[in-house]
Amino acid sequence: ILCISSFLPGGAMANRMAAAWNESVEGATASATNDEAPASVEGTRLLWWRIGLETWQDQPFFGNGLGSAGEKISTDPRIGEIVRDGRADYYLRDDYHSLYVTTLSDLGLVGMGLLAGWLIAAGLEIRKMGALAPALYAGLIGFAIYGLFNTAFFTGRVLALPILVMSLSAHALPARSNQEDVTAVPD
């Protein structure tokens with residue numbers, strides 16, 4: 001209920017998502033016409049993703065190594081223009097603001113395969129959880145969607161969610177027992 005209420009029109013999350021969507025569309029349009037992308041987190045996210053995908057092409061199978069994003073982003077000329085204008089150094093990041101783009105660029109197809117395997121393994125384990133499964137699937141799906149727009153391995157609070165989902169789904173809950181079953185004397 002709390003999650004749903006945060007997405008209602010006028011809520012902080014709804015306003016942030018609307019701004020992100022609008023600025024991403026403006027950024028895509030600006031990129032297509034070679035204009036300057038909006039200098040905001042949302043507008044610059046597309047620029048970070050472009051840098052990450054270009055970097056991935058250098059080492060597609062094994063990637064460029066964890067932490068390589070910081071160097072690539074700081075040496076990109078368009079990021080240099082944004083920072084040179086006196087805007088926040090926030091645009092100089094050490095990740096591409098997407099779990100998937102960062103994994104692909106830093107760890108290549110091998111890392112992306114491991115990430116996909118991890119998400120699939122969690123999903124397969126969750127199905128064994130009975131009544132808890134819908135809540136765990138909601139957490140895993142929320143994490144997967146969040147991963148589009150942020151890099152979870154650099155944010156411990158966010159990484160805690162899939163770890164919790166995986167730990168709760170690692171073992172099936174014990175079957176319900178009644179008093180007769182519990183107090184019965186074995187033969």
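1. Start with S105. S105 is buried, with a relative accessible area of 0%. Here buried means under 20% relative accessible area, exposed over 50%, and partly exposed in between (1.4 Å probe, protein chains only). S105 sits in helix α6. Helices (H or I, at least four residues) are DSSP runs, numbered from the N terminus. Leaving aside residues up to four places away in sequence, S105 touches G52, T55, W56, G63, N64 and Y96. Contact means heavy atoms within 4.5 Å.

2. Basis of the model. This is a predicted model: local features need pLDDT of at least 70, side-chain atom pairs count only at pLDDT 80 or more, and totals for chains, interfaces and linings use all residues. Residues are numbered from 1 along each chain as its sequence is written, and side-chain values use heavy atoms, with hydrogens and water left out.

3. The main core. The largest nonpolar core has twelve residues: L99, Y100, L115, L119, A122, I126, M129, A133, L136, L140, F143 and A152. Such a core is a set of buried Ala, Val, Leu, Ile, Met, Phe, Trp, Tyr and Cys residues joined through side-chain atoms within 4.5 Å. Helices α6 and α7 (133–149) each supply at least two residues of this core. The most come from α6, with six residues. A second, separate core has eleven residues, including L47, I51, I73 and Y91. In soluble globular proteins, nonpolar side chains tend to be buried together.

4. Helix α6 spans residues 99–126 and holds V110. V110 is partly exposed, at a relative accessible area of 43%. With F61, F62, L109 and L114, V110 forms a nonpolar patch on the surface. Together the five have about 560 Å² of accessible area. Patches are made of residues with over 30% relative accessible area and no salt bridge; like charges are joined within 9 Å, nonpolar side chains (Val, Leu, Ile, Met, Phe, Trp, Tyr) within 5 Å. Areas come from the Shrake-Rupley method with a 1.4 Å probe; for residues, only the protein chains shown count as cover.

5. Salt bridges. The structure holds three. The term means a side-chain nitrogen of Lys or Arg within 4 Å of a carboxyl oxygen of Asp or Glu. One joins K128 and E125 (3.1 Å, N to O). K128 is partly exposed at 45% relative accessibility, and E125 is partly exposed at 27%. Salt bridges that share partners join R50, E54 and D76 into one network.

6. R50 and E54 meet through their side chains at 3.0 Å, N to O. The two are four residues apart in helix α3 (residues 41–56), so about one helical turn separates them. An α-helix has 3.6 residues a turn, so residues three or four places apart point the same way. E54 is partly exposed at 39% relative accessible area, and R50 is partly exposed at 30%. The side chains of D76 and R50 also form a salt bridge, at 3.5 Å, N to O. D76 lies in the loop between α4 (68–74) and α5, and R50 in helix α3, so the pair ties together parts that are 26 residues apart in sequence. D76 counts as buried, at 9% relative accessibility.

7. The loop between α5 and α6. Check H97 by eye. H97 lies in this loop, between α5 (77–84) and α6. The residue has a positive phi of about 60° although it is not a glycine. Most residues other than glycine have a negative phi, and most peptide bonds are trans. H97 is buried, with a relative accessible area of 4%. Y91 lies in the loop between α5 and α6. Y91 is buried at a relative accessible area of 9%. Y91 and T44 are 47 residues apart in sequence and 7.7 Å apart in space, C-alpha to C-alpha.

8. Two sides of α5. Which residues of α5 are buried? They are I79, I82 and V83. Seen down the axis of α5, its buried residues fall within an arc of 95°, so they line one face of the helix. The arc is that of the directions from the helix axis to the C-beta atoms. The face turned away from the buried side of α5 carries the exposed residues P77 and R84.
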